Number of protein chains: 2
Amino acid sequence: MARTPTTTDAFNAVAEASRRELVDAIGAGEVTVSELVERLGISQPQVSKHLAVLRAVGIVLVRADGRHRWYRVNGLALKPVHDWVSTFARTWNSRLDQLDDLLVELQHEEDTR
Amino acid sequence: MARTPTTTDAFNAVAEASRRELVDAIGAGEVTVSELVERLGISQPQVSKHLAVLRAVGIVLVRADGRHRWYRVNGLALKPVHDWVSTFARTWNSRLDQLDDLLVELQHEEDTR
DNA sequence: TTGACATATTCCTATATCGGCATATGATAT
DNA sequence: ATATCATATGCCGATATAGGAATATGTCAA
């Protein structure tokens, strides 16, 4: 067997640094492919391919507009990553732990309302 | 060029689901290899190999004790993942955002003290 | 010393990358 | 219709897997 495909889930999609940079470059806005090519300085095919992977796992969403494609980040797709890693976050700062617990509790409240 | 090696950083090491399960299985305690083999039901060589990857990026630490090796999780190694993904966490719950901001502020305070 | 136990390492094969390059698809303007 | 712009896709190469099986290394016990 080989390595888990990059399109399996958010964890695998985001493992590649170039793809994280892509997500960072899109940020909170809506960005076009050529804009990303310019910002990151990598080839257009590479940008399109990376975006295809991110799209496959729902991390980015596209809107067609003529010959342009406007990409935006769908943060919710990263929630599984955040959830998993948050379990271990309490290790590096005890002060933050208490607030972290509070967050979890509040989220639970909100979920069960 | 090929895919980024799994031992490159925490992102790549943790992309594989089996390795995340391994980390979960160790949890907060200190666990032996054979104990993990038993808990996860995967072969001993696989467990050792996965642990080697996790060790390479500092996610787990080992303590030798006779013919046993006690593994424990080093959550700090997951901080980069947590930090990166936290940027996008504010998307999925506005109530949590304000507390998230507070967390960042408190951490900054703590860091600069 | 020898055997059993705990863990790590090596060899193997199939597979899925990433990046470069070329090309296809699709839309707009002239 | 045709040229151009914006984006996606295909083919290629080298490479690093994950898992299985076998084996090596290291430690303890009798």
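Of the 28 residues around DNA strand C, A:Ala2, A:Gly66, B:Ser34, B:Pro45 and B:Ser48 come nearest; a residue is near a strand if its C-beta atom, placed from the backbone, lies within 6 Å of it. This is a predicted model: local features need pLDDT of at least 70, side-chain atom pairs count only at pLDDT 80 or more, and totals for chains, interfaces and linings use all residues. Residues are numbered from 1 along each chain as its sequence is written, while chains are lettered from A and ligands numbered from 1 in the order in which they are written.

**Exercise 1.** Find which element gives the most to the surface near DNA strand C.

*Solution.* Start with the elements that each supply at least two residues: α4 (44–56) of chain A, and α3 (33–40), α4 (44–56) and β3 (68–73) of chain B. Helices (H or I, at least four residues) and strands (E, at least two) are DSSP runs, numbered from the N terminus. Then pick the top contributor: α4(B), with six residues.

**Exercise 2.** Find which element gives the largest share of the surface near DNA strand D.

*Solution.* Among the 27 residues around DNA strand D, A:Ser34, A:Pro45, B:Ala2, B:Thr6 and B:Gly66 come nearest. The largest share comes from α4(A), with six residues.

**Exercise 3.** Trace the strand partners of β3(B).

*Solution.* Strands pair if DSSP finds at least two bridges between them. First, β1 (residues 31–32) of chain B runs antiparallel to β3(B), joined by two bridges. Next, β2 (residues 60–65) of chain B pairs with β3(B) in the antiparallel sense over six bridges. Now take B:Trp70 in β3(B): B:Thr32 is a bridge partner, and so is B:Arg63. Finally, β2(B) and β3(B) form a hairpin with two residues between them. B:Gly66 in the turn has a positive phi of about 65°.
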